[in-house]
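Trainee: Hey, I've just been handed a structure and could use a hand reading it. Can we walk through it together?
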Amino acid sequence: NILNSMTLSTSNTTVDNSVLNNVTNSGTNGTLNINSSTMEINNQLLNNSAIATIKDSNVKTSTYNSITNSGTLTIENSNIESSNANTITNTSTMNILSGNIISTNGLGIKNTGTLTMGVKDKSVESDTPCIEGTTYGLDTLNSTFNFYDGKIIGPEDHAINGSATLTADSYSEYKVNKDGKQIDTLAQLDPVQNDRTKVSYKNLQ
């Protein structure tokens with residue numbers, strides 16, 4: 001177990017089951033940076049209540065949630081997977097810029113805080129970030145979810161529990177069931193007027 005309340009960085013690291021797990025990152029000065037690392041561990045990787053960044057890394061956990069976040073967590077170009085639990089539980093602020101968050105036996109993410117997926121800019125990426133789970137991809141009921149890029153995947157009719165608070169400008173959530181799964185993405189919708197009622201609706205292009 002590692003307890004960090006200052007600054008801890010790891011880069012170009014390969015970890016197998018013992019070295020870096022059950023990390024607690026806390027305190028007003030707690031900063032954790034995981035860069036370009038590969039980790040396969042049985043325990044939880046991180047309990048974060050300060051500031052943590054995971055970039056260009058691959059993490060697999062097999063027993064517990066990979067990450068519990070009650071601070072500020074940023075994930076970029078990283079793959080984080082749990083095979084026996086929800087992958088990430090977020091109760092505070094979490095930003096996923098790109099990468100994949102996958103649970104093969106639970107939720108991809110349980111969010112009761114503020115989750116931002118992608119970057120609010122002029123372009124919308126359809127494939128990344130990706131959140132996927134076997135119960136829901138994302139459970140974000142009664143929380144804040146800003147959806148700017150990527151997709152959410154779950155079982156049929158169960159991609160997301162809840163809905164986006166904000167989306168990319170002129171885009172809306174669009175859900176489709178295919179091959180036993182539901183995919184929730186962003187689609188640009190154009191208004192279509194009903195000729196009889198003169199009421200405008202939005203319709204997928």
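This is a predicted model: local features need pLDDT of at least 70, side-chain atom pairs count only at pLDDT 80 or more; totals for chains, interfaces and linings use all residues.

Trainee: Okay. How many helices and strands does the protein chain have?
Mentor: There are 0 helices and 26 strands. Both are DSSP runs numbered from the N terminus: helices are H or I with at least four residues, strands are E with at least two.

Trainee: And what share of the residues is buried?
Mentor: Of the 205 residues in the protein chain, 41% are buried.

Trainee: Let's pick a strand. Which residues of β5 are on the covered face?
Mentor: β5 covers residues 31–35, and L32 and I34 are on its covered face. T31, N33 and N35 are on the uncovered one.

Trainee: Which strand does β5 pair with in the parallel sense over 5 bridges?
Mentor: That's β8, residues 51–55. Strands pair if DSSP finds at least two bridges between them. Within that pairing, T31 stands opposite I51 in β8.

Trainee: New topic: T140. Where is it found?
Mentor: T140 is in the loop between β19 (138–139) and β20 (144–147).

Trainee: Is T140 buried or exposed?
Mentor: T140 counts as buried, because its relative accessibility is 2%.

Trainee: What does the side chain of T140 make a polar contact with?
Mentor: With the side chain of S143, at 2.6 Å. A polar contact is a pair of N or O atoms within 3.5 Å; within protein, one must be able to donate a hydrogen and the other to accept it, and residues adjacent in sequence count only if both atoms are side-chain atoms.

Trainee: Compare T38 for me. Is T38 buried or partly exposed?
Mentor: T38 counts as partly exposed, because its relative accessibility is 35%. T38 is found in β6, residues 38–41.

Trainee: Last one: which residues touch the most other members of the largest nonpolar core?
Mentor: I109, F145 and I152, out of 32 residues. Such a core is a set of buried Ala, Val, Leu, Ile, Met, Phe, Trp, Tyr and Cys residues joined through side-chain atoms within 4.5 Å.

Key
Residues are numbered from 1 along each chain as its sequence is written. Side-chain values use heavy atoms; hydrogens and water are left out. Buried means under 20% relative accessible area, exposed over 50%, partly exposed in between (1.4 Å probe, protein chains only).
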